[in-house]
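I am keeping short notes on what I look up in this model. The entries go residue by residue and then helix by helix.

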Amino acid sequence: MATKLGKFWRKLRIENGEVLYDMAVKLGVSSSFLSRVENGKKKPPIQWKDVIINEYSLEGRDLAEFEEVFFEAINSDSIDIRSYEESDRELMLSFARKFNALDKEAIRQMLDSKEEQ
């Protein structure tokens, strides 16, 4: 499913008569990588921000919208764990990797018991 950034880029390409490949060439990446970014599977490199602004001459409302969706794409699903001890970071990363496989009912029970405390 396309992210807000992906939807913005699609609209931008349509307005400029381009396809995914055209934008990928401007960014110096493959179409498949750009597609993964648009679908939220990869984060966009920060360097892309200026390239898009310049290549598509973004200004005004379009620039404001782009900056908002780009910021969201860069910062979505991010938690800064650098200040934690290494063992705690390893535990958090292990939990995050296995999260989708966890029993949803067990998670609900953990959250409910936490609220009761």
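Is arginine 13 buried or exposed? I found that arginine 13 is buried, because its relative accessible area is 6% (buried means under 20%, exposed over 50%, partly exposed in between, with a 1.4 Å probe and protein chains only).

Before going on, I noted the ground rules. The model is predicted, so local features need pLDDT of at least 70 and side-chain atom pairs count only at pLDDT 80 or more, while totals for chains, interfaces and linings use all residues. Residues are numbered from 1 along each chain as its sequence is written, and side-chain values use heavy atoms, with hydrogens and water left out.

Entry on arginine 13. I placed arginine 13 in helix α1, residues 4–15 (helices are DSSP runs of H or I, at least four residues, numbered from the N terminus). Its side chain makes a polar contact with the side chain of glutamate 38, at 2.4 Å (a polar contact is a pair of N or O atoms within 3.5 Å; within protein, one must be able to donate a hydrogen and the other to accept it, and residues adjacent in sequence count only if both atoms are side-chain atoms). Leaving out residues up to four places away in sequence, I listed Glu18, Val19, Leu20, Met23 and Glu38 as touching arginine 13 (contact means heavy atoms within 4.5 Å).

Entry on α1 and α3. I looked up how α1 packs with helix α3 (residues 31–38): the angle is about 125° and the axes are 8 Å apart (axes are lines fitted to C-alpha atoms, for helices over the stretch in contact, and angles run from 0 to 180 degrees between N-to-C directions). That makes α1 oblique to α3 (under 35 degrees is roughly parallel, over 145 roughly antiparallel, 65 to 115 roughly perpendicular, and the rest oblique). Arg13 is one of the α1 residues in this contact, and Glu38 is one of those from α3.

Entry on α4 and α5. Helix α4 (residues 48–55) and helix α5 (residues 60–75) pack at about 160°, with axes 11 Å apart. That makes α4 roughly antiparallel to α5. From α4 I noted Trp48, Lys49, Ile52 and Ile53 in the contact, and from α5 Leu63, Phe66, Glu67 and Phe70.

Entry on leucine 102. I found leucine 102 in the loop between α6 (86–98) and α7 (104–116). Leucine 102 is partly exposed, with a relative accessible area of 30%. Apart from neighbours within four places in sequence, leucine 102 is in contact with Phe95 and Ile107.

Conventions
Helix = DSSP H or I, 4+ residues; strand = E, 2+ residues; numbered from the N terminus.
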